[in-house]
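Here are a few notes to read with the structure open beside you. Take them one at a time and find each spot as you go.

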Amino acid sequence: MAMNTGGRLIAGSHNRNEFVLINADETARIKSVQELSGQICQICGDEVEITVDGELFVACNECAFPVCRTCYEYERKEGSQSCPQCKTRYKRIKGSPRVEGDEEEDDIDDLEHEFDYGDAEAMGMKQNGSINSLHGYSGTNAKQNVSSPSLDIPLLTYGEEDAELAELNQSAIIVPPYAEQANGIHPSSAPAPHLHPRSMVPEKDIALYGYGSVAWKDRMEDWKKRQSEKLQVIKHHGGNGDGDFDGSELDADLPMMDEGRQPLSRKLPIPSSKINPYRMIIMLRLVILGLFFHYRILHPVPDAFGLWLTSVICEIWFAVSWILDQFPKWYPIQRETYLDRLSLRYEKEGKPSELANIDIFVSTVDPMKEPPLITANTVLSILAVDYPVDNVSCYVSDDGAAMLTFEALSETSEFARKWVPFCKKFNVEPRAPEWYFSQKIDYLKNKVHPAFVRERRAIKREYEEFKVRINSLVAKAEKVPEEGWTMQDGTAWPGNNVRDHPGMIQVFIGNDVVRDVEGNELPRLVYVSREKRPGFEHHKKAGAMNALIRVSAVLSNAPYILNVDCDHYINNSKALREAMCFMMDPTSGKKVCYVQFPQRFDGIDSHDRYSNRNVVFFDINMKGLDGLQGPIYVGTGCVFRRQALYGYDAPKKKKKPSKTCNCWPKWCFCCCCCLRNNKKEKSKKDKKSKHRDASKQIHALETIEEGIEETTSISRALLPQEKLEKKFGQSPVFVASTLLENGGVNKAISSASLLMEAIHVISCGYEDKTEWGKEVGWIYGSVTEDILTGFKMHCHGWRSVYCMPKRPAFKGSAPINLSDRLHQVLRWALGSVEIFLSKHCPIWYGYGGGLKWLERFSYINSVVYPWTSIPLLVYCTLPAFCLLTGKFIVPEISNYASIIFMALFILIAVTGVLEMQWGGVELDDWWRNEQFWVIGGVSSHLFALLQGLLKVLAGVNTNFTVTSKGGDDEGFAELYLVKWTSLLIPPTTLLIMNVIGVLAGVSNAINNGYDSWGPLFGRMFFAIWVIMHLYPFLKGLMGRQERVPTVVVIWSVLITSILTLLWVRINPFVSRDGPVLEICGLNCDD
């Protein structure tokens, strides 16, 4: 059930007792919450009654003057038949007797035809208008008179208006595109569609309702035939051991039932030929590592004791870090889903889809940094997703209260009426228009529809016009008027003050009346901007997501939630179905708290020099975690179970009865056996009855699930109301929704009540003295709220699932230049430091819950890794010191030590090769990951550690800003931007030190002769190791490829320096032992 706002922007503050309805042609007025709670008849003083639909009775649809039904019928029969306030003649309402002057109708209610404008175009009526736009936008703003008989349609009302909202008799700030003409912002030449809902005919447009194609039906018929043949075999052989077969035990739907009993997904373990050698190498590496430290500790370097001790400490830290990272990858798995079984189970032909509802959250803050066109593409891909439209609701959180975002969503909702049917008709991928039209592939491949080329050209032209409108809004928004933005009706935009504004809600698409150009329904689209006031802590993105949880629970309350960033569009239209294969699986889905999809990115160059794709983490580490308790939450592309976000524990399995002890008497044991046998026979009978029931409804497989307690929801309902309000807040509607495990809203509640509750739950003080951000919703306390939120769920006993469909489910944008990439890594590392220094640190939090040990290792590694920056920075400086001082961290190496060192280096390489093999990672991606681990470790991680310590311990906030120095508009131009930041200092220093160390070492070896070259290679090996890992960093500093190649510059400097030193060393004019003096025969003393 969607909130019916009458198409108006709703703004209000629960704390200030304000409620603002912004209208297109009428100045907004403030109504108190008390005024909205009920209406009193202004004639007789009685309370206005409630209709059978649960709405307040409205006599006049023009001004909504409060009149009870008795006075209305009396006025029509005996009085002037007009409204006392606006003098408009009363129309006949359903159930009221006809009076003289009523229009001749076939007992059809006027209100039901009030919004029927299917024949408006034939009548030749036109309407001029435009949507509310940015201040100063020109357009024809003729006032609309809803009561005028010449008007073809009212402005945006989205169905039957609520009695509470009908008092404002004019339109909303958004006008449907089909009501516009060429002089508005949204011209539309398409004929006005007929808006009566079409009856669901299985033979017509089957694919539109998710029932598959005709070919799919034929395959299903063949499958049923094969299953029936198998069934005949079963009947022939008999169903029991005596040859007797009771045909009543089998139902005609048994083949479908058997298919319905099949799991919706399965695990695909890594082949033993790959995983067993991998595990053996890990254990062997662990043994060799022990021998390595045994040798290192027992063989100090007396003349370089400080360097030796420092190196040993760093190596011990690296070993612990490797163990934390390695062992969570002990049980890697892959998963496979069965979308056909999902459709068979929950989308039976001829019946409404029973797939679960999903609320999709899109978060954005600043439209100048997050372009509205990117956000619009994300929203369009959501609205066009391959999922029943009634089950999808999209909520866009605008935490910056920007009118530009609001206007862009208005444009997006209108373009969606044309884009969504095109996507579903031709089954195009991806369904984000910007990326669809920019594909470098043959778009005619597998397309056989004769109208595809024509309609593709038309929709591409529409999209280009849409982009122009969005760009014009962005251009206008660059210069903000001194008085702030003003809406078309003269009302000031409520969000002019970003830090002090009321909560705002706008339903752009939210009811059956708003349809696409082909007359089909669209998913809901709701704009939400939570209230912000000075003096309140708003908790950035985590607070915005928690506000969306509450407002969506009031309006739609889907049992599952998908959250995506504004720049992550749905690349696979079946992504939601992929997630439901895990969530709705009755045998294994009850304990799944979320389904995490890997992040994939567009716009990255083929070399990916800064490891933006992060393939090693998503294709190796996450697969390993999936074999334990599930992957960690990475902030986007994740489908949640709403109940898990509410902080509830996972369902627990029943404990199996313990075996009989030998100390019991034998007769007790016999009695227990008899009782157990009786129970088994009874359970078999129960299973048979359940088997027959399941044949009737193959989708209701919860009855065959074993070991899961069904009393969880009952126990939650028994909690005291005071405890629930202390946990979830003071909204009775929201608190009641938290007890509904399968979601849904109470349809008996009026739209006005939902409206008040929606404004209430997004107020800035709602979370005070509750458990929001502590145990409920997204957890506060870190800028990386994603890790903390997933960690809390796993501590409650839930498990997560990693889903990797063949076609990536989501794709996003990534910062591809060096400075932006370093700052992104800085933010992630800072969040890990904050978690490490908080009470939620996985080292000491969550014991006694449901968190597994190897899963805990993974979380510990995710918060400890920034601390590795200190030993890494020190270890990278040791080669330079060794080369400059002529000393080394290892004494003279024996044969035994050489074998250990060589074995350790070989095992490190073999481990990486085997991981690449079972993870499907290429060598180039693995090497880029190793390089950026060093680059990020000595820069971003170090600064994040410093910043986190200052913030947590000293309360000092330190920001490292980036200043752009140049760029161009060519492809991958951002890759070559030079943005100087303090993060560049440590890697640059390491590079210079190691290059100077190499030069000094070579010159020293030349001076000391042949014997010094052997020890030099050992020292130079580590220095070259550092330089090779920092090579992408050096290449980023060099800038564009058109300049002298980086490798040429490096080798030129090295060769020139070496040649210079050689020239100084072998200068033929200077003898090695000084000038040679010969005896000339002259006595100089005389």
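1. Let's begin with a term: a residue counts as buried when its relative accessible area is under 20%, and as exposed when that area is over 50%, with partly exposed in between. Keep in mind, too, that this is a predicted model.

2. Now try the term on Arg76, which you will find in helix 2 (residues 69-77). Its relative accessible area is 2%, so Arg76 is buried. Which residues does Arg76 touch, not counting those up to four places away in sequence? They are Gln81, Tyr90, Lys91, Arg92, Pro97, Arg98, Val99 and Asp102.

3. In soluble globular proteins, nonpolar side chains tend to be buried together. The largest nonpolar core here has 77 residues, and the members that touch the most others are Trp419, Phe422, Trp493, Met580 and Val595. Helix 10 (residues 403-426) gives the most to this core, namely twelve residues.

4. Phe422 deserves a visit of its own. Setting aside neighbours within four places in sequence, Phe422 has contacts with Asn427, Val428, Tyr436, Phe452, Glu455, Arg456 and Ile459.

5. Please check the peptide bond between Glu429 and Pro430: it is cis, with omega about -10°. Pro430 sits in the loop between helix 10 and helix 11 (433-437).

6. Two residues have backbone angles to look at. His539 is not a glycine, yet its phi is positive, about 60°. You can find His539 in the loop that runs between strand 9 (524-529) and helix 13 (540-555). Lys769, also a residue other than glycine, has a positive phi near 60°. Its loop lies between helix 21 (751-761) and helix 22 (785-795).

7. Are these two residues buried or exposed? With 29% relative accessibility, His539 counts as partly exposed. Lys769 has a relative accessible area of 81%, so Lys769 is exposed.

8. Finally, find helix 6 (residues 272-298) and helix 26 (residues 895-919), whose axes come within 9 Å and cross at roughly 150°. Angles over 145 degrees count as roughly antiparallel, and helix 6 and helix 26 are therefore roughly antiparallel to each other. Their crossing is left-handed. Sorted by class, the residues in the contact of helix 6 with helix 26 are 20 nonpolar, two polar and four charged.

Definitions and conventions: Residues are numbered from 1 along each chain as its sequence is written. This is a predicted model: local features need pLDDT of at least 70, side-chain atom pairs count only at pLDDT 80 or more; totals for chains, interfaces and linings use all residues. Side-chain values use heavy atoms; hydrogens and water are left out. Axes are lines fitted to C-alpha atoms, for helices over the stretch in contact, and angles run from 0 to 180 degrees between N-to-C directions. Helices (H or I, at least four residues) and strands (E, at least two) are DSSP runs, numbered from the N terminus. Angles under 35 degrees count as roughly parallel, over 145 as roughly antiparallel, 65 to 115 as roughly perpendicular and the rest as oblique. A crossing is left-handed if the near helix is turned anticlockwise from the far one by less than a right angle, and right-handed if clockwise. Ala, Val, Leu, Ile, Met, Phe, Trp, Tyr, Cys and Pro count as nonpolar, Asp, Glu, Lys and Arg as charged, and the others, Gly among them, as polar. Buried means under 20% relative accessible area, exposed over 50%, partly exposed in between (1.4 Å probe, protein chains only). Contact means heavy atoms within 4.5 Å. A nonpolar core is a set of buried Ala, Val, Leu, Ile, Met, Phe, Trp, Tyr and Cys residues joined through side-chain atoms within 4.5 Å.
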